[in-house]
Each structure stands twice: as C-alpha cells, then as structure tokens.
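Me: I have a protein model open on my screen and would like to go through it with you. Could you take my questions one at a time?

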Amino acid sequence: MLERAETDAPSPQADLETARPVAFRGAGFTPRAGRYSGWIALALVIGLWQLAGSAALVNPLFLPAPSAIAAAIYKLAVSGALWHHVSVSIMRIGTGWILGTVAGVIVGFAIGLSSLARGVGITFISALFPIPKIALLPLLILWLGIGEEPKIATIALGVFFSTAISVYSGVDNVPRNLIRMAQSFNVPFHAIVRRVIWPGALPSILAGFRITASVALLLVVSAEMIGAEYGIGAFVLQAGNLMQTDQLLAGVVILSLFGLAVGRLINWLETRLLHWR
C-alpha cells in the first residue's frame with residue numbers, strides 16, 4: 001500500500017516539467033523605442049493630411065497641403081532666402097545657448113557643492129526664474145543697443161536658469177554614500193567631483209540640455225518676431241502678416257526639423273556619455 005502511494009505521488013521533476021513559466025512583468029522598465037514606429041506614424045499623418053488637402057476638404061488658405069509646404073521650402077532654398085534666415089537664427093541660438101549653458105553649469109555646480117552659494121543662488125534663481133525672459137528684451141535693447149546682443153542675451157538668460165536648476169538638482173541626486181566612500185579613501189575633492197559627482201549628475205544635465213535647446217528655440221523665434229529683419233521668427237511673422245500660410249508653415253516645419261536634429265544630437269551624446277547605465 002505504501003509502495004503504491006509512493007508511486008502515485010508526483011515527483012518534483014514532474015512538477016518542474018509541467019509547471020508553466022510565469023511571464024516577466026518588468027519589461028516596461030527597459031526602454032526599447034521602436035526604430036520605425038514613430039516615422040511610420042508621422043508618414044500616416046502626413047498622408048492623411050495630403051489626402052484631405054487634395055480632396056478639398058480643407059481650405060488651403062487655413063491649412064495648406066504638405067505638397068504646397070514642400071514646394072514653398074524648395075522655392076525658398078533655391079532663392080537662397082532659406083539659408084540666410086536659418087544661418088542667422090542658428091548663430092543666435094548657438095551663441096546664446098553656449099553662453100547660458102557655460103554660466104549655468106558653473107553656477108549649478110557651485111550651488112550644489114557650496115552651502116554659501118546655495119543659500120545665495122537659490123534665492124536669486126527662485127526670484128528671477130519665473131520672469132518671462134522675452135519680457136526683458138526691451139530693457140536689454142535699452143542696455144545693449146539695437147543689434148544681435150539683446151537677442152543673444154535673451155536666449156542666454158533663458159538657458160542659464162534652466163541649466164543651473166538641472167545641474168544643481170543632478171548634483172543633489174548623487175548618492176551620498178558614494179561620496180562618503182570616496183572621502184573614506186582620502187580621495188581629493190577635485191577627484192570626487194570629476195569621478196563621482198560629474199558622472200552621477202550627468203543624466204540630469206543632459207536632460208536639462210534637452211529642455212534648454214527647446215527654450216532657446218522658443219526665445220529666438222520670439223525675439224526675432226519682436227525686433228529682427230532676418231531669422232526664422234521674422235520670416236514666419238512676415239509670412240503671417242501677408243497671409244502666405246504655405247510659407248508660414250514652411251518656417252514651422254524648418255523649426256520642427258531643427259528640433260528633431262537637436263534631439264538626435266542629444267540622444268547621441270547620451271549614448272556616448274551614459275553607456276554605463
């Protein structure tokens with residue numbers, strides 16, 4: 001009887017063979033972007049937009065078809081006006097972004113590493129950051145004169161505050177146990193900053209770069225609309241005043257392409273600098 005019971009009892013090996021594997025539920029924490037899904041969705045939207053325009057479902061004065069926008073971009077490129085406007089805007093964005101980023105990184109690290117700088121810096125940043133920087137453009141024109149300087153200064157101010165906030169937030173988020181461990185081995189302060197704090201704060205800094213690139217683009221368009229003869233913002237404003245909506249949207253598409261290019265560049269930087277994640 002006992003032998004029969006032992007024979008009828010399932011063995012642990014049989015249990016392992018008949019058990020169903022449980023699906024892993026943590027895949028959502030592994031970012032895997034589809035290589036072509038975004039481009040396919042964009043192509044579908046453009047195709048539907050073109051069909052609506054070809055079928056006269058939308059008034060071309062209010063929303064030109066993609067083919068009309070592409071024709072407007074081609075005419076601007078052939079005439080040379082496109083390259084002139086784009087080069088002027090890129091010069092303003094690049095100069096203002098570099099100046100604001102360098103100053104923001106220095107101030108952000110100072111606030112994150114020094115108690116005195118934190119007490120002074122956070123007070124000023126909290127007071128000045130909410131002010132719309134484009135509202136300061138008339139005052140900057142009064143101080144710096146009519147020219148490129150006030151536009152570049154407006155962009156640099158907008159980039160500076162966002163960069164400083166992202167940098168000192170990244171420094172604050174570095175695990176303190178890593179810093180204490182380095183200090184316990186008598187690692188010099190500059191080496192701790194370079195080997196511990198900088199790599200730990202880098203993800204937040206690069207995320208801030210992504211934000212400040214958009215801020216610089218918004219500010220350059222606004223500044224060029226207010227007081228500039230050349231630039232994408234001035235071109236879009238002029239096309240809107242003349243009701244040339246195909247050229248207006250051509251300028252918007254150029255701004256969008258610029259944003260995509262900047263996003264690709266930052267993705268490349270993240271891949272190169274954050275390969276350890």
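**A walk through the model**

From the N terminus on, the elements of the protein run α-α-α-α-α-α-α-α-α-α-α-α. Please keep in mind that this is a predicted model.

Me: How many helices and how many strands does the secondary structure come to?
Reply: Happy to start there. Read from the N terminus, the order of elements is α-α-α-α-α-α-α-α-α-α-α-α. The count is therefore 12 helices and 0 strands.

Me: What percentage of the residues in the protein is buried?
Reply: A residue counts as buried when its relative accessible area is under 20%. The protein has 277 residues, and the buried share of them is 32%.

Me: Which element gives the most to the nonpolar patch on the surface?
Reply: The patch is formed by W39, L42, I46, L257 and L260, which together have about 470 Å² of accessible area. Two helices, α3 (37-54) and α12 (245-273), each supply at least two of its residues. With 3 residues, the top contributor is α3.

Me: Is L257 buried or exposed?
Reply: L257 sits in helix α12 and is part of the nonpolar patch. Its relative accessible area is 51%, and the cut-off for exposed is over 50%. So L257 is exposed.

Me: Which element gives the largest share of the lining of the largest pocket?
Reply: This pocket holds about 340 Å³ of space, and 14 residues line it, with L42, I46, W49, V253 and S256 nearest its centre. The elements giving two or more residues to that lining are α3, α4 (66-79) and α12. By class, the lining has 13 nonpolar, 1 polar and no charged residues. The largest share, 6 residues, comes from α12.

Me: How many residues does α12 give to the lining of the second largest pocket?
Reply: The second largest pocket has a volume of about 290 Å³. Its lining takes two or more residues from each of α5 (81-113), α10 (189-227) and α12. Among the lining residues are W97, F209 and F258, and the lining divides into 11 nonpolar, 1 polar and no charged. The most come from α12, with 5 residues.

Me: How many residues apart in sequence are the parts that R92 and E148 tie together?
Reply: Side chains of opposite charge can pair when their charged atoms come close. R92 and E148 meet in a salt bridge, at 2.5 Å from N to O. R92 lies in helix α5 and E148 in helix α8 (residues 148-172), so the parts tied together are 56 residues apart.

Me: Which residue forms a salt bridge with E270?
Reply: E270 is in helix α12, and its partner is in helix α10, 60 residues apart. The closest N and O atoms are 3.3 Å apart, and the partner is R210.

Me: What are the closest N and O atoms of R176 and D172 apart?
Reply: The structure holds 5 salt bridges, and R176 with D172 is one of them. R176 is partly exposed at 35% relative accessible area, and D172 is partly exposed at 27%. The distance between their closest N and O atoms is 3.7 Å.

Definitions and conventions: Residues numbered from 1 in each chain as written. Predicted model: local features only at pLDDT ≥ 70, side-chain atom pairs only at ≥ 80, totals over all residues. Heavy atoms only, no water. Patch = residues over 30% accessible without salt bridge, like charges linked within 9 Å, V, L, I, M, F, W, Y side chains within 5 Å. Areas by Shrake-Rupley, 256 points an atom, 1.4 Å probe, with all protein chains shown as cover. Salt bridge = Lys/Arg side-chain N within 4 Å of Asp/Glu carboxyl O. Helix = DSSP H or I, 4+ residues; strand = E, 2+ residues; numbered from the N terminus. Buried < 20%, exposed > 50% of the residue type's maximum accessible area, 1.4 Å probe, protein only. 1 Å grid on protein atoms, 1.4 Å probe; cavity = no way out; pocket = protein on both sides within 12 Å on 5 of 7 lines; lining within 4 Å. Points joined across faces, edges and corners; volume = space filled by probe spheres on them. Nonpolar A, V, L, I, M, F, W, Y, C, P; charged D, E, K, R; others polar.
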